[in-house]
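Here is a walk through one protein chain. Keep the sequence and the 3D view side by side as you read.

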Amino acid sequence: MTEQTVAAVPERNDTLRLALNSLPHPLRRHNEELRKTYQTLRNTWLRADAVPAPPAPAGASSGNTVTAALRALDGHAAVLAATGNPLWEQLQDTRKATARMRRSVWAVAGERVWRKHVVPNAHWKRLWTDIAQESTRAYARLAGELAGQLEREGHRETRGAVAALRELSRTAAERSAELGRLSRKNLPAPEASAVEREMRGMRRPDLGYGLGEAGRERASQASRDIRQGLKMWAEKSSLGRRLGKMKTPALIRMRKAWANLPSDDLREGPREAAIRFGDLVRRTHEVREEIRKGNLGRYSAKDIAVLDAVIDAGFRHMKRLANTAPAGVDTNARAYNSVKEAQDGTLRLAGQLLAWQKSDMGQTLLTSQDKHVKALRDAWRNLPDPPTEKDRKTGTYDRWKAAEKTAAFGRAAQALWEKAEADGSFSAADKAKLKAVANGAMSHAAQMAKIPASLLPNDPAKNRAAVTEQSARQAQAQAQPPVRTQTQPTARRASARA
């Protein structure tokens, strides 16, 4: 078989056909659907071919490096969307189509077939390698050209985005060249840990920002970016400037939500930040619908699309904040499904704590003035009561705050256990009981850490009506006062219709 890049071969190429036909026979009824998904992806590559290529790469890169560059670029999504540059939309389309191809195969195959028939299969390994080569090549072209255009415009607000685009263009070009040099025979299977990470993402795509300083910085950068995107939309688009002079109820509510956004460093915590960004998303979408109906004047579809992009970025940020668990807890833990389960979890933790308290280690340490013991005592006193059935009915129990306090107790128990391990002055059995307290607290916190869905809006794009120049004019015409129906001279009646 002649070796060619995917974009250079016919739509129904052998690599795709052989990969699809390697699936178990009952699943092949989905082959046509997967071919269409692939063709959508292929079209994004062909569109990117019209963009000038960046300079030839000088070194070698890796898939993880490209992934990191894409994540860094996500921190500038709102500012890039506010520029209205179509290259940004092209880049996003390519990323979405690339992810959709893999996710579509996962949806058809399921976890067992994915492990058995997709991951180790030579045809699928070749197809994924071809897709990675062509998608990274498209990223390199689109990101490089977009960075050049924004750099020439010279806006201070886009400097950080330009640097992130340059880095993506460089690493993607290096990765694409590296993949192009690989022989498509005997491609290595991915490492088991990489397969597991991907499958966790497939099962639960709306993960939070992660733990530790890096996760907090990603969340803070996204908050700053959305705030900057709103500012650019309000100051630079004709839509934003005109709406800034109006005082309709919807606009007043949107401005209040904007003013109530959390601080950029998110010192209020991810839970409160998620609620406030959710309120901004809801109120901004209300304004957007007023525009669509023609109640706030006539605007270009491009201006409205920029506002849509800001809304979408805010919604994604809200979802990630809502799924950012307290530090140290397992983000993949199953949530408690009932009040009874949460109460049982509290009782288990209390039992573990009591068992350690009765040990020689507990009796000795709980009366000491060691800073680690003091931190444990303080966190212990701060533990929340379990929810009741009345809390469930009224919706007043703050599970997120309860999870944060429980996680703080778990971290204090873990710190004391680590100190005891280093000192070596207590029995292994006593230290094991303290370790059980720390693990039990973190497990209990993880299962409690779910933000009530009622506090967050649904995706506004789900039922969003597309806005075009024609539909905007139609909405404006429908919003005009009705023409009088009383009898008038023919000429004047015609003039009124005109």
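Begin with a pair of helices. Helix α18 (residues 399-423) and helix α19 (residues 428-448) have axes that come within 8 Å and cross at roughly 160°. That makes α18 roughly antiparallel to α19. Angles over 145 degrees count as roughly antiparallel, those under 35 as roughly parallel, 65 to 115 as roughly perpendicular and the rest as oblique. The axes are lines fitted to C-alpha atoms, for helices over the stretch in contact, and the angles run from 0 to 180 degrees between N-to-C directions. The crossing of α18 and α19 is left-handed; that is, the near helix is turned anticlockwise from the far one by less than a right angle, while clockwise would be right-handed. The contact of α18 with α19 involves 15 nonpolar, 4 polar and 5 charged residues. Here Ala, Val, Leu, Ile, Met, Phe, Trp, Tyr, Cys and Pro are nonpolar, Asp, Glu, Lys and Arg are charged, and the others, Gly among them, are polar.

A word on the source. This is a predicted model, in which local features need pLDDT of at least 70 and side-chain atom pairs count only at pLDDT 80 or more, while totals for chains, interfaces and linings use all residues. Residues are numbered from 1 along each chain as its sequence is written, and side-chain values use heavy atoms, with hydrogens and water left out.

Now the whole chain. It has 21 helices and 0 strands. Both are DSSP runs numbered from the N terminus: helices are H or I of at least four residues, strands E of at least two. Of the 498 residues, 45% count as buried. Buried means under 20% relative accessible area, exposed over 50%, and partly exposed in between (1.4 Å probe, protein chains only). Take contacts (heavy atoms within 4.5 Å). Among those between residues at least 6 apart in sequence, 79% join residues at least 24 apart.

Where do the nonpolar residues gather? The largest nonpolar core has 54 residues, and Trp114, Trp124, Leu165 and Leu168 have the most contacts inside it. Such a core is a set of buried Ala, Val, Leu, Ile, Met, Phe, Trp, Tyr and Cys residues joined through side-chain atoms within 4.5 Å. At least two residues of this core come from each of α1 (14-21), α2 (31-48), α3 (63-74), α4 (77-83), α5 (86-118), α6 (122-153), α7 (159-181) and α8 (192-203). Leucine 165 touches Leu73, Leu80, Leu91, Ala143, Leu146, Ala147 and Leu150, leaving aside its neighbours within four places in sequence. Apart from this core lies another, of 35 residues, including Tyr209 and Leu266.

Return to α6. Its axis and that of α5 come within 10 Å and cross at roughly 160°. α5 and α6 are therefore roughly antiparallel to each other. Their crossing is left-handed. By class, this contact has 14 nonpolar, 6 polar and 3 charged residues.

α1 meets α6 at another angle, about 135°, with the axes 8 Å apart. That makes α1 oblique to α6. This crossing is left-handed. Among the residues in contact are Leu16 and Leu20 of α1 and Trp124 and Leu127 of α6.

Finally, compare two asparagines. Asparagine 31 sits in helix α2 and, at 6% relative accessibility, counts as buried. Asparagine 186 lies in the loop between α7 and α8. At 81% relative accessibility, asparagine 186 counts as exposed. Asparagine 186 also has a positive phi of about 60°, although it is not a glycine.
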